[in-house]
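Here's a quick briefing to go with the model. Have a look at the structure first, then run through the points below.

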Amino acid sequence: MAVRKINPWLKLALELGPVLLFFVGYMRIKDQSFVIGGTSYDGFILMTAAFIPVMIACTAILWVLTGHLSRMQVLTLVLVTVFGGLSVWLNDERFFKMKLTIIYLLFAAVLGVGLLQGKSYLRFLMDEVVPMREEGWMILTRRIFVFFLLIAVANEVVWRTLSTEVWVNFKTFGLTLAVFAFFITQGKLFERYAVQKEKPGE
């Protein structure tokens with residue numbers, strides 16, 4: 001099935017909306033506790049319970065509108081549902097926090113397997129978006145492999161040593177800025193190894 005294009009702002013809202021809603025909701029009720037079915041839940045657990053269906057709904061809408069979901073999107077949704085569900089069920093926020101570590105370790109592992117085989121699995125996901133020569137893809141894949149490992153380590157350090165509020169800010173803003181900064185710094189790589197499109201008539 002061909003991928004249908006949608007308004008980029010709508011796509012961004014569907015991808016980042018759940019994260020921003022989680023952040024806003026958590027900041028409003030972070031110091032409160034709620035008794036449901038005789039069990040007391042804090043604001044973090046309650047927002048985790050709300051985040052899961054919102055994430056599922058936004059991903060489903062994205063699939064309906066574009067007719068396509070990447071493997072990365074599907075894997076992220078599965079891990080959010082499983083580990084978020086465990087946090088709510090066991091009333092233990094640690095599962096939801098470590099979900100981020102597992103996601104990036106899995107991504108790094110997949111890229112690492114490809115690198116050992118002399119292949120760039122990243123190219124299969126992004127080649128249409130960023131057309132580059134093979135050498136460029138191998139360099140970018142190695143850099144993203146290291147980047148994902150660093151994010152996984154950073155997440156472990158933050159959630160294990162700092163407060164939940166700090167972790168929420170790290171997840172919402174720190175990671176977003178880190179990813180943005182990483183790709184900005186790859187500009188020269190994209191230019192150097194870009195595939196030049198042939199002009200009509202050539």
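This is a predicted model: local features need pLDDT of at least 70, side-chain atom pairs count only at pLDDT 80 or more; totals for chains, interfaces and linings use all residues.

pLDDT is the predictor's confidence in each residue, from 0 to 100, and helices are DSSP runs of H or I with at least four residues, numbered from the N terminus.

**Confidence**
- The protein's mean pLDDT is 88, with 94% of residues at 70 or more.

**Threonine 141**
- You'll find threonine 141 in helix H6.
- Threonine 141 counts as buried because its relative accessibility is 0%; buried means under 20% relative accessible area, exposed over 50%, and partly exposed in between (1.4 Å probe, protein chains only).
- Setting aside neighbours within four places in sequence, threonine 141 is in contact with Leu111, Leu115, Ser120 and Leu122.

**Leucine 69**
- Leucine 69 sits in the loop between helix H2 (43-66) and helix H3 (71-90).
- With 24% relative accessibility, leucine 69 counts as partly exposed.
- Not counting residues up to four places away in sequence, leucine 69 touches Thr59, Leu62, Trp63 and Val74.

**Ground rules**
- Residues are numbered from 1 along each chain as its sequence is written, and side-chain values use heavy atoms, leaving out hydrogens and water.
- Local features need pLDDT of at least 70 and side-chain atom pairs count only at pLDDT 80 or more, while totals for chains, interfaces and linings use all residues.

Definitions and conventions. Helices (H or I, at least four residues) and strands (E, at least two) are DSSP runs, numbered from the N terminus. Contact means heavy atoms within 4.5 Å.
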